[in-house]
Amino acid sequence: MKERNKDSMRDDLDKYQQSFQNMEGRIHILEHQIPLEEQMDYFRKSKEWKVLAQKEMLPDESNCRIWYDKILSGEDEAEQKTYIIRLANSRLPKAYTYLKRLAELCEIPELKNWIYMATVDIQMALESELSGEKQVFVATGLGGKGEKLLFCILLYSRTLTPFEPYQCDIIERELEYFFPRRDCEIDRIEVGDVYVKLLLYIPFRANIRQIMAEAVDNCNEYGNFLSEHYTITNVKELDEEEVKEAIAIYRKNENLETGD
């Protein structure tokens, strides 16, 4: 995990916040958790296909049916991905129907991810044609739902002293009470010895710094045991090793002694 200071994280949150405040148009959030590299690969291949497709005749529903069948019966994943991109770029309602059906039938994880992205891709195009409104695609590694993005947030015991049982109860009770009142939705809370890992859906235009400051303050009314500093990402859920690395960085930044 890359070591970063508090000012750098605050700056990143401010830039994130500003980017959404200035965003105009209909927002589409990719709900599924798809690695960013995979998302970039999809949109790069889609862009390449758009260039090639300019030299071809516009597809019709019969073409879409052929591509749908080839995806279902195919064994070459690269070829199947090409047909998925063709369906997405056909801009035909029937192709959207086929993609929705494929999402239910497909059992290959990476192929299914491409189908999910293609479904959002064509949905944006169809809605743009019907409404004339600008369409904006928001994709993160953790995904989201509705108008909320999923974040992985790591809170720390202020001095990295293990939480007392009553403090664990306070954390769970206060966070479960507070977040829904800020239109946030808890996916999961995990309370460790010296940390709290949250998977939290947050409205994309919400003031994250303010929400998190209030959440920590609410817990600290019962003793100043939670740090106001935290780690937050929407790229992926932090695994056990990454949690340990984040705690080590926090310990170093706060000049805390290493425990035995």
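Me: Two strands count as paired if DSSP finds at least two bridges between them. Which residue is the bridge partner of Cys-152 in β7?
Reply: The bridge partner of Cys-152 is Thr-233. The model is predicted, so local features need pLDDT of at least 70 and side-chain atom pairs count only at pLDDT 80 or more, whereas totals for chains, interfaces and linings use all residues. Residues are numbered from 1 along each chain as its sequence is written, and side-chain values use heavy atoms, leaving out hydrogens and water.

Me: How many bridges join β4 and β7?
Reply: Five bridges pair β4 with β7 (residues 226-233) in the antiparallel sense. Strands here are DSSP runs of E with at least two residues, and helices are runs of H or I with at least four, both numbered from the N terminus.

Me: And how many bridges join β4 to β6?
Reply: Nine bridges join β4 to β6 (residues 195-203), and these two strands run antiparallel. Within this pairing, Tyr-156 stands opposite Tyr-195.

Me: What do β3 and β4 form?
Reply: They form a hairpin with two residues between them, and Gly-146 in the turn has a positive phi of about 60°. β3 (residues 144-145) is joined to β4 by two bridges and the strands run antiparallel. Gly-144 stands opposite Leu-149 in β4.

Me: Why is β4 described as largely enclosed?
Reply: Ten of the ten residues of β4 (residues 148-157) are buried, so the strand is largely enclosed by the rest of the structure. Buried means under 20% relative accessible area, exposed means over 50%, and partly exposed lies in between (1.4 Å probe, protein chains only).

Me: Changing topic, how many aromatic pairs are there in the whole structure?
Reply: A search finds seven. One of them, Tyr-42 with Phe-43, is edge-to-face, at 4.9 Å centre to centre and 85° between the planes. Rings of Phe, Tyr and Trp (its six-membered ring) pair if their centres lie within 6.5 Å; planes under 30 degrees apart are stacked, over 60 edge-to-face, and the rest tilted.

Me: Is Tyr-42 buried or exposed?
Reply: Tyr-42 counts as buried because its relative accessibility is 0%. Phe-43, at 29%, counts as partly exposed.

Me: Which residues form the aromatic cluster?
Reply: Tyr-42, Phe-43, Trp-114 and Phe-137 form one cluster.

Me: Last one: which residues is Glu-174 in contact with, leaving aside neighbours within four places in sequence?
Reply: Glu-174 is in contact (heavy atoms within 4.5 Å) with Asn-218, Cys-219 and Tyr-222. Glu-174 lies in helix α7 (residues 165-178) and is buried, with a relative accessible area of 12%.
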